[in-house]
Amino acid sequence: MAGHSKWANIKHRKSRSDAKKGKLFSKILKEIYSAVRQGGTDPKSNSRLRLALHKARTANVPNETVQRSLKRAEDSNIEMYDVSYEVYGYGGVGIVCCCSTENRNRAASFVRGTLSSKGGTLASPNSVLFNFSRKGLIVLSREGIDFDEIFLLMSERGAEDVLEEENSILVIVPPDQLGFFVEYLIDKGAHLSSFDLTWVPNSEVECSQEHETLNHKIIDSLEAIEDIYEVFSNMKCSSQSDSFLS
């Protein structure tokens, strides 16, 4: 089904991005820092921090590293800003870059430099993002899980969709309910391969193989920018690209 393919592409894109750059720990530690700066150090009252700490445990970030990040955030007066950059790629494809930075001018300069060398155009706010919806995505290991049972449990609690893959189960939830579902599944003993907020295209754009290759070069270069932690597009990937992304 089309939705299944779209979610699978997003999942593989995220896995490839994190593994390729080795930035997963850095991304999580930035999330912890930002969460503390915005809501304090108590996970009970700071849901964003609670989710980031769950993510650190899932990714096996060493506890001493997490504690150093918490202490640094508590003692620091440096603010982190969450910024999105919207880009027009080749063939009418829209690209969204999610960035966490203490220097918005520096981040914007790096994005403009990448587009200058790889192509693409920086778009005005919401000219690309309007075609995306914010969702929570949880990836579960299939091992030891009955799909029908998890489908029923998740649906009863308000999940938007539950999809079955060969080695994993994808649970799509409202963005403001991601923490609730993560904690519920952890309490039930489920093994969470990953979970995150993500942008999902409301419709996908098909383009030529040449434009697809050029768009991948833009995305790769944007992902390499230190402050950017996620890049999404509404490009419909060919089967050749799917293998490349996985």
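**Strands, helices and a pocket**

Biologist: V83 stands opposite C99 in β2. What makes β1 and β2 a pair?

Modeller: Two strands pair if DSSP finds at least two bridges between them. β1 (residues 81-88) and β2 (residues 94-101) have eight bridges, so they count as a pair. The sense is antiparallel. This is a predicted model, where local features need pLDDT of at least 70, side-chain atom pairs count only at pLDDT 80 or more, and totals for chains, interfaces and linings use all residues. Residues are numbered from 1 along each chain as its sequence is written, and side-chain values use heavy atoms, with hydrogens and water left out.

Biologist: What lies between β1 and β2 in the hairpin?

Modeller: Five residues. G91, in the turn, has a positive phi of about 70 degrees.

Biologist: What makes β3 and β8 edge strands?

Modeller: The open sheet of four strands has the order β3-β1-β2-β8, with antiparallel pairing. β3 (121-122) and β8 (228-233) each pair on one side only. A strand here is a DSSP run of E with at least two residues, and a helix is a run of H or I with at least four.

Biologist: How do you know that α2 meets α4?

Modeller: Contact means heavy atoms within 4.5 Å. L29, I32, Y33, V36 and R37 in α2 meet residues of α4, among them T65, V66, L70 and A73. The contact residues divide into seven nonpolar, two polar and three charged.

Biologist: At what angle do α2 and α4 pack?

Modeller: About 35 degrees, with the axes 9 Å apart. Axes are lines fitted to C-alpha atoms over the stretch in contact, and angles run from 0 to 180 degrees between N-to-C directions. α2 passes α4 in a right-handed crossing.

Biologist: What lines the largest pocket?

Modeller: 23 residues line the pocket, and E31, R48, L51, K55 and L197 lie nearest its centre. α2 (24-39), α3 (47-58), α7 (178-187) and β7 (192-201) each give two or more. α3 gives the most, with seven residues. By class, the lining has seven nonpolar, five polar and eleven charged residues.

Biologist: Why is this called a pocket, and what is its volume?

Modeller: On a 1 Å grid, a pocket is an open set of points with protein on both sides within 12 Å along at least five of seven lines; lining residues have an atom within 4 Å of a point. The volume is about 450 Å³.

How values were computed:
1 Å grid on protein atoms, 1.4 Å probe; cavity = no way out; pocket = protein on both sides within 12 Å on 5 of 7 lines; lining within 4 Å. Points joined across faces, edges and corners; volume = space filled by probe spheres on them. Nonpolar A, V, L, I, M, F, W, Y, C, P; charged D, E, K, R; others polar. Left-handed = near helix turned anticlockwise from the far one by under 90°.
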